[in-house]
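Subject: Handing over the two-chain model

Hello,

Here is the structure I promised to pass on. Please open it first, then read my notes below.

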Amino acid sequence: MTVLTLIELDGAEPADASLRALTLARTLGDTSVGTVVFADVAAVPTGLLASYGVTDAYVIEPGSVDGYAPQAWARALAGLATETGATAVLAAGTDRGNEVLAHLGAITGLPMAANCTLVTPDGGKTHRLVRHRWAGLLLEDAVMEAPIALFTVATDSVASVSAETPAAIQVHVHKPELAKADLVVRAVESPAGAGGASLATARVVVGGGRGVGGPEGFASLEQLAELLGGVVGVSRVVTSEGWRPHKQQVGQTGTKITPELYLACGISGAIQHIAGCAGAKHIIAINTDPGAPILAHADYAVIGDLHQVIPALVEALRARLR
Amino acid sequence: MEILVCIKRVPTVGGKIAVTPDGQEIDTRASGFSISPHEECAVEEAVQITERDGGSVSVLTLGPEAAIEQLRGALALGAHRAVLLETDGREFGPIATAAAIAAEVRAHPYDLVLLGNEAADTGDYQVGVRLAHELGWPVATGIKNLSVGDGGVVARREYRGVEEAYSLPLPAVVTVKEGINLPRYPSLPGRLRAKRAAVDRSAPEWAGEGLRKEALRVPESSKHQAEVLGSGVDAVPGLVRVLEEMGVLS
């Protein structure tokens, strides 16, 4: 019996979101913890996977699927699930993870549960699970009856924890049986816009909301983000007003973040925004309104005008560097 | 270009979310309803495409009679025809939803079906993909930029700081995300037209699925009131100390 986890790579290492999924996979109690990696054999991060308790790594060499092709990836997973007699196949609840598992659900005709926080085998073909609705503002208790449980793991609510003892890992190369239609949709990749840390993986995010007042108000937030080695994120009103591009939006319809620190400036804290930042380890709010809902989710708060507090903070941090 | 846009009626949740005593639904006694945000952008995208290249936009929803409100909302934004797949109020799972939409698509010569990447409420992330498999069409998901060319579309999204471009032959299914455009406000003539428009109806069969909802609940909140460090610039020294303790200063 085995449980298979799709591993996305972030450079040479497994993406943190995939390690979180792997941490949940290990709790399913099967004897074999398998992973599926779409990469050259030489590029499989065996050391780190073994430290997460992975006993078998199945490699789909990129030549056979030509980069990221969601339906082809799902077809390969379906073949492997049959070959290994998998009782569950899971992935991180990322754009790719949810997409590939949706294809796998369609290919196999089985249900798929997106963004689970807890999965427990309950005998036979039954799994009990808890999953996100409303981007995590609500939890759904559900029961899945299926010969293979298909699900993705909510990336902001399960921590990545390595195994107590590393596993002895074996690497197997799998050649998928693909139909021509599986390869019709393929990603052609090119560098996107400006580089820099991405919002989803940033260690510090400086957030700006309606209180910033307009596009020019973000200069001091940018300075602060740079000093803290972080990036700027914004609330939905900021993108609807066109002050900042949508890719900087934190929230249910934007990006979910998991930084060490989220510094929310001039953000009242609508629940759709909280859905995006609840995965932050620490939240500090700077707000003129001591009754703002964000204060109920923050660890610390400064009551005041961000246009005064942030420049003063920037100055204090610069003085500290000198 | 004949485009079908699938939308969903969802509660407009504001500052708080609550569940009915039986744990089966969101308590909507105090809330209104709206089109799920990604899908409002799908309607806008379809209207922009047909304004530029000609054709027509049909808008579909699977839901109760009351969801006609959201269909009329989409008509007011510029959609031309509305289809209600009427339910008896029971929640359709993603497999049954995709099957019901596929039946509508097979009955009309659509070139493109647009959906939201995921519904705001159930967040299943799969109806568009399952629909494409039902139809044997290609699909791209999570799209933030769409361009239409001869016989195909190029759909773009970002992944870990890299832009991914997908070329899809038509007919195709594309699921979009907020940010692909900024939806317009409905015009007055648009609203009047929407009010009078006919709505095509059918009632698909409900079917159970292998994933069964037992109950909904609000997560046990880690809610606590923030410790106030002070007011205005006087709070800055305390703030720096807290940042030091958190280990975010190099």
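A residue is called buried here if 20 or more other C-beta atoms lie within 10 Å of its own. By that rule, buried residues make up 46% of the 250 residues in chain B. Please keep in mind that this is a predicted model.

**Chain B in outline**

Chain B has 6 helices and 14 strands. Its C-alpha atoms fill a box of roughly 65 × 45 × 45 Å along the principal axes. Take the contacts in chain B with a separation of 6 or more: 70% of them join residues 24 or more positions apart.

**The sheet of chain B**

Look for an open sheet of 7 strands in chain B. The order is E7-E11-E6-E1-E4-E5-E12, and the pairing is parallel. Strand E7 (139–143) and strand E12 (199–202) of chain B are the edge strands, and each pairs on one side only. From one strand to the next, the twist averages 20°.

One pair inside this sheet is strand E6 (residues 112–116) and strand E11 (residues 172–176) of chain B, which run parallel over 5 bridges. There, B:Leu114 has B:Val174 in E11(B) as its bridge partner. Helix H3 (residues 94–106) of chain B packs on the sheet. H3(B) touches strand E1 (2–7), strand E4 (56–63), strand E5 (81–86) and E6 of chain B. The direction of H3(B) makes about 145° with that of E4(B).

**Two helices of chain B that cross**

How do helix H2 (residues 68–76) and helix H5 (residues 188–196) of chain B cross? Their axes come within 8 Å, at an angle of roughly 140°. H2(B) is therefore oblique to H5(B). The crossing is right-handed. From H2(B), the residues in contact are B:Arg72, B:Leu75 and B:Ala76. They meet B:Gly190, B:Arg191, B:Arg193, B:Ala194 and B:Lys195 in H5(B). By class, this contact has 3 nonpolar, 1 polar and 4 charged residues.

**Where the chains meet**

Now for the interface. 74 residues of chain A are in contact with 65 residues of chain B. Several elements of chain A give two or more residues to that side, among them helix H5 (95–108), strand E9 (138–145), strand E17 (300–303) and helix H9 (306–321). The side of chain A that touches chain B has 42 nonpolar, 18 polar and 14 charged residues.

E17(A) and strand E14 (residues 227–231) of chain B run parallel over 4 bridges. A:Val302 stands opposite B:Gly230 in E14(B).

Helices also meet there. The axes of H5(A) and helix H4 (residues 127–135) of chain B come within 9 Å and cross at roughly 40°. That angle makes H5(A) oblique to H4(B). This crossing is right-handed. On one side are A:Glu99, A:Ala102, A:His103, A:Gly105 and A:Ala106 in H5(A). On the other are B:Val129, B:Arg130 and B:His133 in H4(B). The classes come to 3 nonpolar, 3 polar and 2 charged residues.

**A sheet with strands from both chains**

An open sheet of 10 strands has the order E11(A)-E5(A)-E4(A)-E1(A)-E6(A)-E10(A)-E7(A)-E8(A)-E9(A)-E13(B). Its pairing is mixed. Which strands stand at the edges? Strand E11 (170–174) of chain A and strand E13 (211–217) of chain B do. Each has a single partner strand, so one side of each is left without a neighbour in the sheet. Neighbouring strands are turned by 30° against each other on average, direction ignored.

Within this sheet, strand E1 (residues 2–7) and strand E4 (residues 32–38) of chain A run parallel, joined by 6 bridges. A:Leu4 has A:Gly34 in E4(A) as its bridge partner. Helix H1 (residues 16–26) of chain A packs on the sheet, touching E1, E4, strand E6 (86–92), E7 and strand E10 (149–153) of chain A. The direction of H1(A) makes about 155° with that of E6(A). H5(A), named above for its contact with H4(B), also lies across E1, E6, E7 and E10 of chain A. H5(A) runs at about 170° to E10(A).

Is A:Gly214 buried or exposed? A:Gly214 counts as exposed, because it has 10 C-beta neighbours inside 10 Å; the cut-off for exposed is 12 or fewer. A:Gly214 sits in the loop between strand E13 (204–208) and helix H6 (218–227) of chain A. Its C-alpha atom is separated by 54 Å from that of A:Lys125, 89 residues apart along the chain.

Best wishes

Terms used: Residues are numbered from 1 along each chain as its sequence is written. Chains are lettered from A and ligands numbered from 1 in the order in which they are written. This is a predicted model: local features need pLDDT of at least 70, side-chain atom pairs count only at pLDDT 80 or more; totals for chains, interfaces and linings use all residues. Axes are lines fitted to C-alpha atoms, for helices over the stretch in contact, and angles run from 0 to 180 degrees between N-to-C directions. Angles under 35 degrees count as roughly parallel, over 145 as roughly antiparallel, 65 to 115 as roughly perpendicular and the rest as oblique. A crossing is left-handed if the near helix is turned anticlockwise from the far one by less than a right angle, and right-handed if clockwise. Two residues are in contact if their C-beta atoms, placed from the backbone, lie within 7 Å. Ala, Val, Leu, Ile, Met, Phe, Trp, Tyr, Cys and Pro count as nonpolar, Asp, Glu, Lys and Arg as charged, and the others, Gly among them, as polar. Two strands pair if DSSP finds at least two bridges between them.
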